[in-house]
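Dear colleague,

Please find below the structure that I am handing over to you.

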Amino acid sequence: MDSENHNPRRRFRKWFKGKHKRADPHQLSQVSDGGEDESESEDYLDDILFQSMEMDPCTSTNELRVFVGTWNVAGRSPIGSLAVDLDEWLNLKDAADMYVLGFQEIVPLKTRNVLGAEDPTEARNWNLLIGKTLNNEYGCPWLTPIRHPIPSENYHYVKNSEPESRMSNNETSMREQSRSQHEKPKGVSKYKLMASKKMVGVFISVWMKSDLVSKYYISNVKVCSVACGIMGYLGNKGSVSVSMTIEGTSFCFVVAHLASGEKKGDEGRRNHQVSEIFRRTSFPRSPADDDIPHPLTILGHDRIFWFGDLNYRLYLEDNSARQLIKKLDWRALQEFDQLRREREYGGVFQGWEEGAIEFAPTYKYSSSNGNRYSGGVPSRSGEKQRTPAWCDRILWYGKGLTQLSYFRSESKFSDHRPVSALFSTQVEVVNSTNPRVVSRHTILPTIPPPVETEQSNHDEEAESTLISLIIKDLQASPTHNTRCIEQIDD
């Protein structure tokens with residue numbers, strides 16, 4: 001590569017000239033019509049812009065640890081000793097900043113549940129148990145009453161004010177005084193529910209540490225469901241999704257339950273459902289939204305997680321699969337994994353990432369003896385013959401994501417083992433402490449006063465035109481321009 005591509009000033013000047021020549025070449029001619037050499041004007045311009053950016057960058061980055069989990073609970077209600085299993089699954093000894101939990105079959109997939117009206121009972125029960133588990137460090141979580149029961153299976157967090165870090169000293173003092181009058185320290189929850197959505201048996205629940213909810217500006221929390229089961233439009237299969245923006249970074253979490261079956265061609269039905277979820281998932285703007293643009297589709301987000309009972313199986317005969325499982329030869333077994341082929345050979349998940357699978361297949365376990373897989377040779381009476389497979393998976397897409405762990409838990413609550421992954425990601429934090437920031441996504445350069453010369457009136461007019469062009473361009477594409485520094489340095 002030539003040296004110009006490594007020079008951020010030249011790259012920025014090239015970008016700036018290109019955009020504004022296309023926008024209004026007549027106005028740009030006024031900017032360089034001051035009687036001085038055009039290259040000198042360009043140097044003056046990028047000196048101004050880079051001085052501003054280097055002194056006060058428009059964004060900084062903070063680390064966020066995100067726990068993502070999926071569990072097909074086989075239509076069972078969250079009662080009894082499940083709280084112990086949940087505590088082990090969430091790994092609270094190494095607590096994350098966010099917990100994003102996806103469930104499948106929280107109700108039995110019977111006709112009345114699929115065709116009837118949504119019943120919020122099971123979603124509420126799961127949220128109650130999750131909230132108790134996350135917010136209680138000692139004792140038995142399920143014996144502690146929750147302070148604020150979740151009223152609905154469809155919930156999303158609405159923020160009514162700026163984060164405390166953005167508030168003035170007077171505003172912060174008033175809030176702290178109000179807290180001391182109305183809240184007791186022991187009653188403060190460690191985690192808050194940010195979003196929750198249920199569609200028949202598919203369910204998502206998103207939680208975040210309370211102090212981070214106060215610290216960060218969280219906007220445009222939205223939910224969406226796509227039913228693509230029976231006849232392509234019933235909710236026995238499909239997805240529920242959550243979209244949210246934390247500061248300047250957008251997140252999308254997609255929980256899916258795809259078509260079952262291990263016969264030849266069944267993977268095609270799953271692939272079709274994935275395509276339908278991509279096509280039909282949307283997060284449209286509403287009158288209640290703030291002025292911050294947000295992604296409208298799954299792939300428009302910065303960080304995307306797709307997880308659930310994806311039901312992809314093995315291109316392998318049952319006995320051969322069980323032999324490899326006995327040898328704990330996960331690498332050899334993965335050579336026959338359908339989802340791996342979809343990711344690596346031009347399928348519906350091409351370009352998506354998944355961590356190394358170093359655990360046994362998660363499906364299907366015997367209902368009578370949770371320590372072994374269902375079926376086998378000789379086949380046991382009353383048990384379904386299923387080839388073990390990694391049906392429960394967690395994928396991700398986007399830059400700025402590092403997977404720290406990927407594992408399964410050993411709860412015998414259902415015929416699936418729960419699976420989870422811990423991620424470290426970066427959140428772009430917009431710096432709004434400088435008075436030159438005119439919006440959450442726009443930072444303007446400081447233009448110094450012109451030197452008094454006989455051309456001063458003309459120069460003032462040119463600079464005024466330049467500022468108006470910059471403002472117009474930045475406002476036309478605010479999300480793009482918040483990443484101006486990152487793009488220049490790439």
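A charge is said to sit over a ring if NZ of Lys or CZ of Arg is within 6 Å of the ring centre and within 35 degrees of the ring normal. By this criterion R270 lies over the face of Y312, at 5.5 Å from the ring centre. R76 likewise lies over the face of F413, at 4.1 Å from the ring centre.

Please note that this is a predicted model, in which local features need pLDDT of at least 70 and side-chain atom pairs count only at pLDDT 80 or more, while totals for chains, interfaces and linings use all residues. Residues are numbered from 1 along each chain as its sequence is written, and side-chain values use heavy atoms, with hydrogens and water left out.

Nonpolar cores

A nonpolar core is a set of buried Ala, Val, Leu, Ile, Met, Phe, Trp, Tyr and Cys residues joined through side-chain atoms within 4.5 Å. Buried means under 20% relative accessible area, exposed over 50%, and partly exposed in between (1.4 Å probe, protein chains only). The largest core has 80 residues, of which L64, M98, F103, M208, M244 and F253 touch the most other members. Apart from it lies another core, of 20 residues, with L258, V274, W306 and Y312 among them.

F103 is in contact (heavy atoms within 4.5 Å) with W71, V73, W89, W126, I130, G201, V202, F203 and V255, leaving aside residues up to four places away in sequence.

Aromatic rings

Rings of Phe, Tyr and Trp (its six-membered ring) pair if their centres lie within 6.5 Å; planes under 30 degrees apart count as stacked, over 60 as edge-to-face and the rest as tilted. The structure holds 22 such pairs. One of them is stacked: F251 and F253, at 6.2 Å centre to centre and with 10 degrees between the planes. Both F251 and F253 are buried. The pair of F278 and W352 is tilted, because the ring centres are 6.1 Å apart and the planes stand at 55 degrees. F278 belongs to helix α9 (residues 266-280) and W352 to the loop between α12 (338-344) and β10 (392-397), so this pair ties together parts that are 74 residues apart in sequence. W352 is buried, with a relative accessible area of 4%. One aromatic cluster is formed by F67, W71, W89, Y99, F103, W126, Y191, F203 and F413.

Helices (H or I, at least four residues) and strands (E, at least two) are DSSP runs, numbered from the N terminus. Eleven of the 15 residues of α6 are buried, including W126 and I130. Its buried residues are covered by elements that include α4 (82-90), β2 (98-104), β4 (191-199) and β5 (202-209).

Eight of the nine residues of β4 are buried, so this strand is largely enclosed by the rest of the structure. β4 and β5 pair (strands pair if DSSP finds at least two bridges between them) in the antiparallel sense over eight bridges. A195 stands opposite V206 in β5. The hairpin has two residues between the strands, and V200 takes a positive phi near 55 degrees.

Backbone points

A74, in the loop between β1 (59-72) and α4, has a positive phi of about 60 degrees although it is not a glycine. A74 is partly exposed, with a relative accessible area of 32%. M231, in the loop between β6 and β7 (238-246), also has a positive phi of about 60 degrees without being a glycine; M231 is exposed, at 71% relative accessible area. Finally, a cis peptide bond joins Y363 and K364, with omega about 0 degrees.

Yours sincerely
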